[in-house]
Amino acid sequence: MAKPADTKTATAGTPVARGTRSAAETEKIRAALAARCDELRAEYDQTLSEITELQRGRLTDSAGDDHADTGTKTLEREQEISLVNSILERITQVERALERLDEGAYGWCERCGNPIPVERLAAFPSATLCVTCKQLEERR
């Protein structure tokens with residue numbers, strides 16, 4: 001992964017300096033990311049609590065299960081684990097975005113170093129790749 005320089009060339013050929021974001025803008029972004037991280041942690045805790053309760057119910061209600069019942073319970077358990085892992089991955093993405101904000105790298109593509117469009121960051125605040133690099137990554 002290439003380390004972006006302090007300045008990059010915009011699409012029009014004019015240099016774009018890093019760190020042009022005001023302190024107020026940075027704090028607004030930090031607050032939004034921190035709020036999202038808190039939401040995700042609450043969702044994680046609630047989901048984990050619900051899954052734990054479901055697991056207790058399944059353990060006490062397994063007498064007389066046939067192979068189909070056992071398979072269904074296993075599939076449900078795998079889906080629940082997948083859901084929890086997905087939430088943890090999103091938490092990690094938001095935490096990484098906060099780190100990038102502290103480093104001054106937030107809003108810049110990790111691959112090519114070009115600025116990530118504001119529209120993309122508004123839709124997906126923890127984005128680390130510009131649209132072009134993300135499309136290239138998804139094709140692979």
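**Entry 1: a first pair**

I began with Arg 41 and Glu 95, whose side chains meet in a salt bridge with 2.3 Å from N to O. For a salt bridge I took a side-chain nitrogen of Lys or Arg within 4 Å of a carboxyl oxygen of Asp or Glu. Arg 41 sits in helix α1 and Glu 95 in helix α2, so this pair ties together parts that are 54 residues apart in sequence. I then looked up how open the two residues are: Arg 41 is partly exposed at 36% relative accessible area, and Glu 95 is partly exposed at 29%.

**Entry 2: ground rules**

A reminder to myself: this is a predicted model, where local features need pLDDT of at least 70, side-chain atom pairs count only at pLDDT 80 or more, and totals for chains, interfaces and linings use all residues. Residues are numbered from 1 along each chain as its sequence is written, and side-chain values use heavy atoms, with hydrogens and water left out.

**Entry 3: the layout**

I counted four helices and two strands in the protein chain. Read from the N terminus, the order is β-β-α-α-α-α. Helices (H or I, at least four residues) and strands (E, at least two) are DSSP runs, numbered from the N terminus. Of the 140 residues in the protein chain, 26% are buried. I also checked contacts, meaning heavy atoms within 4.5 Å: among those between residues at least 6 apart in sequence, 52% join residues at least 24 apart.

How many salt bridges does the count come to? I found 11. One of them joins Arg 30 and Asp 102, with the closest N and O atoms 2.5 Å apart. This pair links distant parts of the chain, as Arg 30 is in helix α1 (residues 23–60) and Asp 102 is in helix α2, 72 residues apart. Is Asp 102 buried or exposed? Asp 102 counts as exposed, at 56% relative accessibility, while Arg 30 is partly exposed at 23%.

Next I turned to Lys 134 and Glu 137, which meet in a salt bridge of 3.0 Å, N to O. Because they are three residues apart in helix α4 (residues 131–139), about one helical turn separates them. Lys 134 is partly exposed at 28% relative accessibility, and so is Glu 137 at 33%.

**Entry 4: a network and its loop residue**

Which residues are linked in a network of salt bridges? I noted Arg 96, Glu 99, Arg 100, Glu 103 and Glu 110. I followed Glu 110 to the loop between α2 (67–103) and α3 (118–123). Glu 110 is buried, with a relative accessible area of 14%. The side chains of Glu 110 and Arg 100 are joined by a polar contact of 3.0 Å. A polar contact is a pair of N or O atoms within 3.5 Å; within protein, one must be able to donate a hydrogen and the other to accept it, and residues adjacent in sequence count only if both atoms are side-chain atoms.

**Entry 5: the cysteines**

Last, I looked for disulfides, pairs of cysteine sulfur atoms within 2.5 Å, and the count came to zero. Cys 133 is in no disulfide, and the nearest cysteine sulfur, that of Cys 109, is 3.6 Å away. Cys 133 is buried, at 5% relative accessible area. Cys 37 counts as buried too, at 3% relative accessibility.

Technical notes:
Buried < 20%, exposed > 50% of the residue type's maximum accessible area, 1.4 Å probe, protein only.
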